[in-house]
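Please find below a short note for a colleague who is opening this structure for the first time. The points follow the order in which one might look at it.

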Amino acid sequence: MTEAALAGLVFLPLLGACLLLLVPRQWRTALVLLVVVPLPVLLLPITAVVWQQQAVQMAVAGHALPLGIVWRVDALSLLLLWLNAFLLVFVGLQALTRFPPATPAGLRFWPLWLLLAAGIHALLLSADLFNLYVTLELVTLAGIGLIATSNRPAALQAAMRYLLLALMASLLYLLGVGLIYAEIGTLDLYEAGNLLEPGLLPATAMVLMITGLLVKAAIFPLHAWLPAAHGNAPGPVSALLSAIVVKVSIYIVWRLWFWTAEGWPMPALELFLGLLGAGAILYGSALALVQKRLKMVIAYSTVAQLGYLMLIFPLASLLAWQAAGFHLVSHGLAKAALFVAAGNILASLGTDRLRRLAGLDQRLPLDVFTLALASVSLMGLPPSGGFIGKWLFLQAAWEQGAWGWMALIALGGLLAAAYLFRILALTCFHPRSHGHSSRLREPPSRASLAGLLLALAAIGLGFASAPILTMLASAWPGVIAP
Amino acid sequence: MIPLLLFWLPLVTVLVSAVAGLAIFVAGERRQRLRTWLNLAAAVLKLMLIALIGLLVMAGHTPEFRISLLPELDLVLRADALSMLFATLSALLWLVTTIYAIAYLEHAPNRARFFGFFSLCVASTMGIAMAGNLVTFFIFYELLTLTTWPLVVHTGTAAAIASGRTYLRYTLTGSAVFLIGLVWLYGLAGGQDFIAGGTISELGLDQDWSLRIIFLLLVIGMGVKAALFPLHAWLPKAMVAPAPVSALLHAVAVVKAGAFGLVRVIEDVYGPALVSELGLGLPLAIAAAFTIIYGSALALFQTDIKKRLAFSTVSQVSYIILGVAIGGPVATIGGLVHLVHQGLMKITLFFCAGIFANFLGVKKISQLDGIGRRLPWTSACFTIGALGMIGLPPVAGFISKWYLGAGAVAAGQPWVIIVLVTSTLLNAAYFLPLLKRIWLHDPPRQWPAEVQVSRLETAAMVGSSITTALFSLAVGLLAGFPLSPLNWVTGIVTEYFP
């Protein structure tokens, strides 16, 4: 049962992607629904098992190590799987209106979308370094393809830049994998952790791999590709890219750091990674403040928010772990809501220049409301998932007397408020001379609803923290005693 | 039945106006009649619920709603005597303000959004009143910021947006500071519920400097909303908002939330004993005293009616802080009772200022000449409010000042008397010229911008002002009655100083 569900997570979208190209036009919508809707259902049996046993392991097609592929799910991967399933369903709701599967645009879009879903699922199930590489490539390439489905020159240019940097990053990662394989002859994440001794070669390999991953995760100062790519992609694509695709690279970094490199003494590197996070928060927020387009603000906000995920390295405690995991989920929901709403606004107005947003509260109230709700979570104001994440981070920093990190987290929240309220204030701004263009196409109500549901989920997360925190605690490798 | 009722009642009381707010959003701009009914029904229902809770509290029950937010961190809504004081005040004033606002905004655009957030605002205020621990308080305190901001920028003009920006700059920075203090306190003492006499008193003096710094952080967090000098500058700027919003900011919700929070911190978190042991009362009292003088002095120089009233609020809210900071039962009574008295008097003044501006276009003090003959009822209400602020018996303000003065002497702080006398003289200096213009000067031949207002609107707005004016007279005249704020507050304070 569990194994079938695991296989279904990967192969159902893959199969769907292939079939989409074959079936007649009028069946395509049904096929997409048939693939996406069961995904959350497949997670239920897996969740039940992980809840009891903390982890599920499965050798694909019965081939065990060292030759076969092993899939492993623990609470951390499960959490991301749930996030992904949630996003696929709700962002998909908007995507259905933007790219109706029966149209040629839909045919370009949906196979890539399902491929991305399959890639993310396979990545989260993978338990060895090489598989992680392959699946990450799949995710990256599908993501780039999706950006390019927008035919605008800016999007194509951004996709190209993303592609070049991502390829370079993959090479770095692969080099690291090669070094480790040469040293110990195994690629299993956990076994490698047992076999590897801290030393020059493993450290080099680790640095290479992490550098590559940080490029893909767009961690400051390696973030240069992200704003253009996420800011110019079509709405639903931006949502998925910012909410989960960049996160899976961080997920691999966490795996490497806390499982494979468990217990290695690297205090300087810990601090360095934390400082990168601080740089991301400050720099990303500062640039978000001066952007002239809505989607660019949101994209730079992603750069900033990803910085929090790096704070786990210097803080390294159970609380910080829970904080980072929780932040990952709440940011994913809130950011997806923001991009969905921004996509609707862009499609309605034909532009997302901030100056043109004046008076939007009367014209697109639902989308503006979504922006506002998601913003509340993103700036970490209560009651919301973002607040719980911020609270846990602050508590984790307090426990270690890390006043600097506390100040940073508080400042980060203020900066987020500054760039988000700048947008909200503009939508409420009613200049005396109304120069409204009459060209306003109301977005389909399903698309607005999709954003609203995501934003409500981001807020509601603030009241449903207990199960998530329990699960995160069960996945904590416990490098440092809690 | 009773336990279930006791559990859900606080939550329902908070949610009534939140649900009304959301329903108003959904109903949309055009369904005016439905909106009016929703507004009034929610306000009346809320008052009834609060009366019910009041009866239960008097019967010795403690209605309490509790859910877990995080391990060892609960969201608690609980009704005790102090929360009922604030809840009753806000719910009562909300009803009056709603009636006033419906008439005031009769022809304004964007009313669905306005009344939606207006209701959400009051839901947050109820949450603040009934918060059973500091974390719950913080959550609703933040919600209050979020829900008042759309009201501050409501008119959508450049000035409104700018004042909204100032408002956020102050309040959000304050709340970031508050949050750090909160996490620190939580780390030291855990997320305990409010208890009369303090939750951390057993933490004692080995953490004294931590506790002092935390206190400072919390005072900054609350001080922003309570407009404590030098954190007050947002308040006079926010007067570009419509008059009902000013009433909300100055009397019903925002500044009160700050002052109420300080009361909670001093009485229910630190406890009066620990506050005086750590030597925290005197610095806070001095800050409050300075704010009192400073606000009154600046009020003198304002030429705009609402601005003068705003600086007067800066000064008057600090009376509350002064009272609880001095400590001792009598001064605490003076501070707490001023929470109610200031609200009643200040809302009357803002209602009247709104009527002057709305009916006749009178916004400057120099335009008030002879308005007493044109709008006698409104002017009479304004006069009652102003005299109360000065502290003339029998209006409510006199009682607050009397208790503050007596309490200061009892606590061995006679310098406070000088502050009170100076402030009273300043109050007279900035209010009496207005009254002289209103009643004794001749009216101009033409008012700045006279508009025809329907009889129903006039009745609603003037009626609201008369109601609150009568209330501020009544709480002074009938202070000896068992249900008067004074007696209520005395009951609360005997719990803190057994």
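1. The buried residues of α3(A) pack against α1 (2-20), α2 (28-36), β1 (55-59), β2 (70-74) and α4 (75-98) of chain A, where helices (H or I, at least four residues) and strands (E, at least two) are DSSP runs numbered from the N terminus. These buried residues are A:L39, A:L42, A:L43, A:I46, A:T47 and A:V50; a residue is buried if 20 or more other C-beta atoms, placed from the backbone, lie within 10 Å of its own.

2. This is a predicted model, in which local features need pLDDT of at least 70 and side-chain atom pairs count only at pLDDT 80 or more, while totals for chains, interfaces and linings use all residues. Residues are numbered from 1 along each chain as its sequence is written, and chains are lettered from A in the order in which they are written.

3. A kink of about 25° is centred on A:P45 in α3(A), the bend being the angle between axes fitted to the seven residues ending at a residue and the seven starting there. Just after α3(A), A:Q54 takes a positive phi of about 75°.

4. Between the chains, 25 residues of chain B are in contact with 23 residues of chain A, contact meaning C-beta atoms, placed from the backbone, within 7 Å. On the chain B side, α6(B) gives the largest share, 13 residues.

5. B:A20 lies in helix α1 (residues 2-27) of chain B and counts as buried because it has 25 C-beta neighbours inside 10 Å. Leaving aside residues up to four places away in sequence, B:A20 touches B:L38, B:N39, B:A42 and B:S119.

Note on methods. A residue is buried if 20 or more other C-beta atoms lie within 10 Å of its own, exposed if 12 or fewer, and partly exposed in between; C-beta atoms are placed from the backbone. Two residues are in contact if their C-beta atoms, placed from the backbone, lie within 7 Å.
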